[in-house]
Amino acid sequence: AFEASAKAGGGWDIWVVEAGGGSPREMTHGAGDNILPSWASDGNAIYFASKRSGRFEIWRLPTHGGKEEQITHNGGYLAFESTDRKTLYYTLSENGAEGLYAKPLPDGVEVQAINENVIARGLAVFYDGAYYLHCGQNGCDIRFYEFADAHVIKVISKIEAPLDGASGLTVSPDRQTFLYSILVRPESDLMLIENFR
């Protein structure tokens, strides 16, 4: 699942393509940007952020057809379902300054789980906790939030390079490898079009 803009004048939607290749299928349509897809644990739904209500909220889309359903009502940006499918963990905005939130599924109360910034695309949820990218006064690092004891937050590794809202994080299943993205420098290419009319 990925986000792409195929509309003239912008606008983002969620698309899926088979892992082995093939033609992508557009899954969302209509007004408002639809971004940041993540699979439900059983593969039968995709969570994504949509601005169709005027601000970003988390929505769920059944992958085999059905109606899109709004999950959060107080903001939502990047979301991952817990492996037991009982809780949705998510950030509220692109900068992640509000921390990490949790909502028991299907209709539980949305509560703050971590009261420190979570770089918005830097989140990976496991059965016993969540890894996330964090930046503070002493720089940036990868941290682990333990579900069993909400007071336990461990620093896994310092990150020397600066992070931004586009920084992402993924963790290998054995948790031995952490992959994250950084912005080295923004660039653009200047192109010449010959015989332009």
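Predicted model: local features only at pLDDT ≥ 70, side-chain atom pairs only at ≥ 80, totals over all residues.
The largest pocket has a volume of about 200 Å³.

**Second largest pocket**

- The lining of the second largest pocket consists of Glu3, Leu36, Pro37, Leu78, Phe80, Arg121, Leu123, Gly168, Leu169 and Thr170.
- Strands E4 and E16 are the elements that each give two or more residues to this lining.
- Sorted by class, the residues around the second largest pocket are six nonpolar, two polar and two charged.

**Largest pocket**

- The largest pocket has 14 lining residues, and those nearest its centre are Phe80, Glu81, Leu123, Ala124 and Val125.
- At least two lining residues come from each of E4, E8, strand E12 (123–125) and strand E16 (169–171).
- The lining of the largest pocket divides into nine nonpolar, four polar and one charged residues.
- Phe80 and Leu123 are among the residues nearest the centre of the largest pocket, and both also line the second largest pocket.

**Asn34**

- Asn34 belongs to strand E4, which covers residues 34–39.
- The side chain of Asn34 makes a polar contact of 2.7 Å with the side chain of Ser50.
- A polar contact of 2.7 Å also links the side chains of Asn34 and Arg52.
- Leaving out residues up to four places away in sequence, Asn34 touches Glu3, Trp12, Asp13, Ile14, Thr28, Phe48, Ala49, Ser50 and Arg52.
- Glu3, one of the residues that Asn34 touches, is also part of the lining of the second largest pocket.

**His73**

- His73 sits in the loop between strand E7 (69–70) and strand E8 (79–81).
- The side chains of His73 and Gln70 form a polar contact at 3.4 Å.
- Apart from neighbours within four places in sequence, His73 is in contact with Arg55, Glu57, Lys103 and Glu110.
- Ile114 lies 41 residues from His73 along the chain, and their C-alpha atoms are 19 Å apart.

Note on methods. Residues numbered from 1 in each chain as written. Heavy atoms only, no water. Helix = DSSP H or I, 4+ residues; strand = E, 2+ residues; numbered from the N terminus. Contact = heavy atoms within 4.5 Å. Polar contact = N/O pair within 3.5 Å; in protein donor to acceptor, adjacent residues only side chain to side chain. 1 Å grid on protein atoms, 1.4 Å probe; cavity = no way out; pocket = protein on both sides within 12 Å on 5 of 7 lines; lining within 4 Å. Points joined across faces, edges and corners; volume = space filled by probe spheres on them. Nonpolar A, V, L, I, M, F, W, Y, C, P; charged D, E, K, R; others polar.
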